[in-house]
Amino acid sequence: MADSIDADTRLALDLALTIRHDGQGGVADDLAEPGGLTTWMRGHADLLPGADAFVADAAALAAVRDLRAAVRALFARAVRPGDPSPADAARLLPVPQAVLCLNTAAALAPTVPVLTWEDGAEPVVRRQAVGGAAPLPALLARAALAFLASPDRSRLHACHAPRCVRYFIKEHPRQEWCKPSCGNRARVARHHERHRKSAQAVGD
């Protein structure tokens, strides 16, 4: 899927996916400690300038976790009228608070438009931070804002396979699950539920 979505979509989605099923019926948080954020950043060195040398501290972790909460709240809004991820259903930020969080973080580094025009290519304008690299919260917030305002938002779905808490970008019209293993679990759960109801009906 990484090849079919742009960098902003990938960053926003991957940040949300740091909340995941732990394989034992619960939810794991990849950003539970600063080391987790450092590892996540190193895994996104192709998208985040300076990620190779980044070492998270408690303040950076808190800022990114706040952003993640805002992103997941807005993901829940984006998938309406469908249900949000089960990991979020009971503790979503109010939408205005989530929007304010992203806008505030995005404003941490002013940007200017910069034109590039390579031979044989169309001109491209990108936003570039003034005075050097933008801080991490600003980069992540801008990626989330770009994704939420893009056509990709309409392809966002929450996976409701048993034990899954992921959001995913729908790749084809009939896709229901984030990955094949979730589809298999969902089909098995439906099969067991049908048999349970049949057995109950016979017993009644």
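**Close-up views of a predicted model**

**View 1. A nonpolar surface patch of about 370 Å² is made by L115, W117 and V125.** Such patches consist of residues with over 30% relative accessible area and no salt bridge, in which nonpolar side chains (Val, Leu, Ile, Met, Phe, Trp, Tyr) are joined within 5 Å and like charges within 9 Å. A salt bridge is a side-chain nitrogen of Lys or Arg within 4 Å of a carboxyl oxygen of Asp or Glu, and accessible areas come from the Shrake-Rupley method with a 1.4 Å probe, with only the protein chains shown counting as cover for residues. W117 lies in the loop between β3 (111-116) and β4 (124-129); its relative accessibility is 58%, so W117 counts as exposed (exposed, over 50%; buried, under 20%; partly exposed, in between; 1.4 Å probe, protein chains only). Helices (H or I, at least four residues) and strands (E, at least two) are DSSP runs, numbered from the N terminus. The model is predicted: local features need pLDDT of at least 70 and side-chain atom pairs count only at pLDDT 80 or more, while totals for chains, interfaces and linings use all residues. Residues are numbered from 1 along each chain as its sequence is written, and side-chain values use heavy atoms, without hydrogens and water.

**View 2. The largest nonpolar core has 41 residues.** A nonpolar core is a set of buried Ala, Val, Leu, Ile, Met, Phe, Trp, Tyr and Cys residues joined through side-chain atoms within 4.5 Å. Those with the most contacts inside this core are L37, W40, F75, L102 and L140. The helix α3 gives the most to this core, with 9 residues. L102 touches L67, A70, V71, L74, A141, A144, L145 and L148, not counting residues up to four places away in sequence (contact, heavy atoms within 4.5 Å). Apart from this core lies another, of 7 residues, among them A161, W177, C178 and C182.

**View 3. V165 and R163 lie in the loop between β5 (156-158) and β6 (167-169).** V165 is buried, with a relative accessible area of 5%. Beyond its neighbours within four places in sequence, V165 is in contact with residues including I19, H21, R72 and P86. R163 is partly exposed, at 46%, and has a positive phi of about 75° although it is not a glycine.

**View 4. A cis peptide bond joins R80 and P81.** Its omega is about 5°. P81 is placed in the loop between α3 (58-78) and α4 (95-106). Most peptide bonds are trans.
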